[in-house]
Amino acid sequence: MRYLRMARIWAENSYCQRRKVGALVVKDKMIISDGYNGTPSGFPNVCESEDNTTFPYVLHAEANAITKLARSSNNSDGSTLYVTAAPCIECAKLIIQSGIKRVVYAEKYRLEDGIALLRKAGVEVEYMNPEETSVREEHQGSEQKK
């Protein structure tokens, strides 16, 4: 849950206006990579056109975190990806190929083809919304005090 909350904070770095998404790759209780949705290196930090359409070259948070790993000495085999939104099918392919074995996400998306592909590949997938959990924990705490 902690890493998912941290991914939400990391998402605040995104310059995208329509939706801010953050991702953390964790292995052996260490964050080995991070990412948020945005433009490729060298591009202006503008994600949407004047008509509020996302530019096709904008990278998703998962893709940024995974490609960042490729430039480091870290290895994602057996790691967990914490991401604020459900992965799309393109990111699911990258997740599978990178050796990530578990994905925890906080927001559902209307298309579930990415989630289905991850499960088909044997990646453990878990939906966990920190806001729902904190409300549930608060309720349980008040019940225990009675």
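**Burial and the model.** Here, a residue is called buried under 20% relative accessible area, exposed over 50%, and partly exposed in between, with a 1.4 Å probe and protein chains only. This is a predicted model, in which local features need pLDDT of at least 70 and side-chain atom pairs count only at pLDDT 80 or more, while totals for chains, interfaces and linings use all residues. Residues are numbered from 1 along each chain as its sequence is written, and side-chain values use heavy atoms, with hydrogens and water left out.

View 1. Rings of Phe, Tyr and Trp (its six-membered ring) pair if their centres lie within 6.5 Å; planes under 30 degrees apart count as stacked, over 60 as edge-to-face and the rest as tilted. The count by this rule is five aromatic pairs. For Tyr3 and Tyr82, shown in the next view, the pair is tilted, with 5.2 Å centre to centre and 40 degrees between the planes. Phe55 and Tyr57 instead make a stacked pair, with 5.3 Å between centres and 5 degrees between the planes. Ring pairs also join Phe43, Phe55 and Tyr57 into a cluster.

**View 2. Tyr3 and Tyr82, partners from separate elements.** Helices (H or I, at least four residues) and strands (E, at least two) are DSSP runs, numbered from the N terminus. The tilted pair has 40 degrees between its planes. Tyr3 belongs to helix 1 (residues 2–11) and Tyr82 to strand 3 (residues 80–83), so the pair ties together parts that are 79 residues apart in sequence. Tyr3 and Tyr82 are both buried.

**View 3. Helix 2 and its neighbours.** Helix 2 (residues 61–70) is mostly covered, with seven of its ten residues buried. These are Ala61, Glu62, Ala63, Asn64, Ala65, Ile66 and Leu69. The buried residues of helix 2 pack against strand 1 (22–27), strand 2 (30–36), strand 3 and helix 3 (89–98), where a contact means heavy atoms within 4.5 Å.

View 4. On a 1 Å grid over the protein atoms alone, a cavity is a set of points where a 1.4 Å probe fits but cannot get out, and a pocket is an open set with protein on both sides within 12 Å along at least five of seven lines; lining residues have an atom within 4 Å of a point. The largest pocket has a volume of about 570 Å³. Its lining has 22 residues, and Arg19, Val21, Asn37, His60 and Tyr109 lie nearest its centre. The second largest pocket has a volume of about 380 Å³. It is lined by 20 residues, of which Thr39, Pro40, Ser41, Leu59 and Asn64 are the closest to its centre. Strand 2 and helix 2 are the elements that give two or more residues to this lining. For volumes, grid points are joined across faces, edges and corners, and the space filled by probe spheres set on the points is taken.

View 5. The structure holds one cavity of 30 Å³ or more. Ala86, Tyr105, Lys108, Tyr109, Glu112 and Ile115 line the largest cavity. The charged end of Lys108 sits over the ring of Tyr127, 4.4 Å from its centre; the rule asks for NZ of Lys or CZ of Arg within 6 Å of the ring centre and within 35 degrees of the ring normal.
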